[in-house]
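This report is meant for someone meeting the structure for the first time. Please keep the sequence and the model open while reading, and look up each residue as it is named.

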Amino acid sequence: MEEVIIEINNLSKKYKDTLAVKSINFKIQKGQTIGLLGPNGCGKSTTIGMLLGLIKPTSGNVLINGKDMENHRTNLLQKMNFISPYIELPKRLTIEENLKVYGRMYGVKNLVNKVNETMEMLNLIKFKNKKTGELSSGQKNRVSLAKAFINDPEILLLDEPTASLDPDVADYVRTIIENFSSKNEKTILIASHNMNEVERLCDEVMMMKNGEIVDKGKSLDLIKKHGRKNLEDFFLKIVRGQNEIL
Amino acid sequence: MRFYRVYALFLRHFYLIKGSFPRVLDLIYWPTIQIILWGFISKFFTMHSEFYNHTAGIILSAAILYDFLFRSSISFNMLFLEEIWSRNFTNLFIAPLKVSEIVVALTATALIRTLIGIVPAILLASPFFGVSLFDLGPSLILLLISLYIFGITLGLFVVSGLLRYGPSFENVAWSSLFLLAPLGCIYYPISILPDWLQVLAKTLPLVYIFEEVRSILLNNVVNYSNIVSALILNFFYLLLSVYVFYSAFHEARKKGTLINVGE
């Protein structure tokens, strides 16, 4: 029997008069990579925020390994990590210093080895004494990934993991994510606007619109079900609805 | 509470200071300039004021202690602002850190920052102006503890505002102590204030701390009731500030502001 690692039950979030997330439900099995799609403002970030315990749900709950995020936040965050292009690491610290700080924060054992191993995996060893603020976008992205891998998380949440990267670096990053997922049976949730990325990395996708999950399934099944050529076409159909412009 | 997580947050700020000479210079520069300025003012008043006649250093001692309070509060605020400016804020709140661990780590780190700034200034005061804080005797320890607790308390109130209202609250971080300074009776006795302001001033621990400094240096009398009053008020305000900080954290989670706090 497959093990459910993330379970979302009737999860809603209301900001003043706006219902950002409307009673959504889903389950993610251990080892799955799931894409969370949807237009800007559809509730993806709020959903991720609630998964991370950063945002308190108005109703419903988030269960990680069967435990409620509201009551076991610190323990559950120990097994999770997150990257987003809107979050950076301290710019004045070197790569190695940043990884040591976060490694300690997550209680990583054999920290020196783990930091070196992570830097090697992301090809960062030669920059290890460089300040994070002095790195290129691609290098910074890899450092963020290194920080996300430092605690060997069971659940990895990625918000636009390749945003603003050139195709070469983006491909490199996707390969790293693929390897991380397949070798370690990790669970990954990716919010992305890059449909090629989602098709390549994700086992299944969930499509959000106006705070609701309007469809979910394997990319190919969804494309077929909606009579579209590819995932981008499917995305446009859902987002534009009746007012579809072709 | 886990020590390794507190240490990790301390380490983040230690690396920051260690890696930047201008940052260390900045920490030392302002307190030193303050002490030099107040040293000359103090010298002038000592020679020309009846109240301060023959009591060299009261004003300078008060200035050093006030600066200690100012540095502790600002250091606490700065540690939090650094996270906002560097856009690292969300990383801390998705790490398995408890709110209590953040408070303890910032309190300990703020003390180190404060000492880096204030110790050189204290050491300068003696050879240049013949003033030593050690003239306050053993009470000095209790006075410093009181000032430090109040500095951290103010820091917690300001940081709660940053959590609740975001970076737009930053200006309050800089001005919070200036607002309280006139009521704190740092350089003058409380009797100078109008009656109605005296009532307000007596709710602040600062009044008792600086009354005590004057009592020791002017009359050579240690008045423990002042010290106890200051500590009791400090304890009350500290508890209140911790409560406000937790409330601000829960409110920020409700409003969803933890995920996108930045410049």
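## Lys130(A) and its loop

Lys130(A) counts as partly exposed, because 15 C-beta neighbours lie inside 10 Å of it. The model in which this is seen is a predicted one. Lys130(A) has its place in the loop that runs between helix 4 and helix 5 of chain A, and, when residues up to four places away in sequence are not counted, Lys130(A) touches Thr94(A), Ile95(A) and Leu135(A). Lys130(A) and Lys91(A) are 39 residues apart in sequence, while their C-alpha atoms are 9.9 Å apart in space.

Asn123(A) is partly exposed, with 13 other C-beta atoms within 10 Å.

## Helix 5 of chain A

Helix 5 of chain A takes in residues 137-149, and its 13 residues should span 18 Å at 1.5 Å a residue, which agrees with the 18 Å that separate its end C-alpha atoms. The helix is mostly covered, since ten of its 13 residues are buried. Among the buried residues of helix 5 of chain A are Lys140(A), Arg142(A), Leu145(A) and Phe149(A). The elements that cover the buried residues of this helix include strand 6 (80-83), helix 3 (95-105), helix 4 (111-121), strand 7 (155-159) and helix 6 (167-184) of chain A.

## Where the two chains touch

In the contact between the chains, 27 residues of chain B meet 27 residues of chain A. On the side of chain B that touches chain A, the elements giving two or more residues are helix 1 (3-18), helix 4 (89-94) and helix 10 of chain B. Helix 1 of chain B supplies the largest share of that side, eight residues.

Lys98(B) lies in the loop between helix 4 and helix 5 of chain B and is partly exposed, with 14 other C-beta atoms within 10 Å. Although Lys98(B) and Arg5(B) are 93 residues apart in sequence, they are 8.8 Å apart in space, C-alpha to C-alpha.

Two packed helices are described by the angle between their axes and by the distance between the axes. The table sets out these values for two pairs.

| Pair in chain B | Angle | Axis distance |
|---|---|---|
| Helix 3 of chain B and helix 5 of chain B | roughly 155 degrees | within 8 Å |
| Helix 9 of chain B and helix 10 of chain B | about 160 degrees | 8 Å |

The axes of helix 3 of chain B and helix 5 (residues 99-129) of chain B cross at roughly 155 degrees, and that makes helix 3 of chain B roughly antiparallel to helix 5 of chain B. Helix 3 of chain B passes helix 5 of chain B in a right-handed crossing. The residues making the contact include Leu60(B), Ile64(B), Phe68(B) and Phe76(B) of helix 3 of chain B, and Leu106(B), Ala110(B), Gly117(B) and Phe129(B) of helix 5 of chain B.

Helix 9 of chain B and helix 10 of chain B are likewise roughly antiparallel to each other, but their crossing is left-handed. Residues including Pro205(B), Tyr208(B) and Ile209(B) in helix 9 of chain B take part in this meeting, as do Asn226(B), Ile227(B) and Leu233(B), among others, in helix 10 of chain B.

## Helix 7 of chain B and the residue after it

Helix 7 of chain B has 15 residues, 170-184, and reaches 23 Å from its first C-alpha to its last, close to the 21 Å expected at 1.5 Å a residue. Where is the kink in helix 7 of chain B centred? A kink of about 35 degrees is centred on Ser176(B). Ala173(B), Leu177(B) and Gly184(B) are the buried residues of helix 7 of chain B, and what covers them includes helix 3 (58-85), helix 6 (139-165) and helix 9 (205-219) of chain B.

Just after helix 7 of chain B comes Cys185(B), which is found in the loop between helix 7 and helix 8 (195-201) of chain B. Cys185(B) has a positive phi of about 50 degrees although it is not a glycine. With 25 other C-beta atoms within 10 Å, Cys185(B) is buried.

Terms used:
Residues numbered from 1 in each chain as written. Chains lettered and ligands numbered in written order. Predicted model: local features only at pLDDT ≥ 70, side-chain atom pairs only at ≥ 80, totals over all residues. Helix = DSSP H or I, 4+ residues; strand = E, 2+ residues; numbered from the N terminus. Expected span 1.5 Å × (residues − 1). Bend = angle between axes of the 7 residues up to and from the residue. Buried ≥ 20, exposed ≤ 12 C-beta atoms within 10 Å, placed from the backbone. Contact = placed C-beta atoms within 7 Å. Axes fitted to C-alpha atoms, helices over the stretch in contact; angles between N-to-C directions. Parallel < 35°, antiparallel > 145°, perpendicular 65-115°, else oblique. Left-handed = near helix turned anticlockwise from the far one by under 90°.
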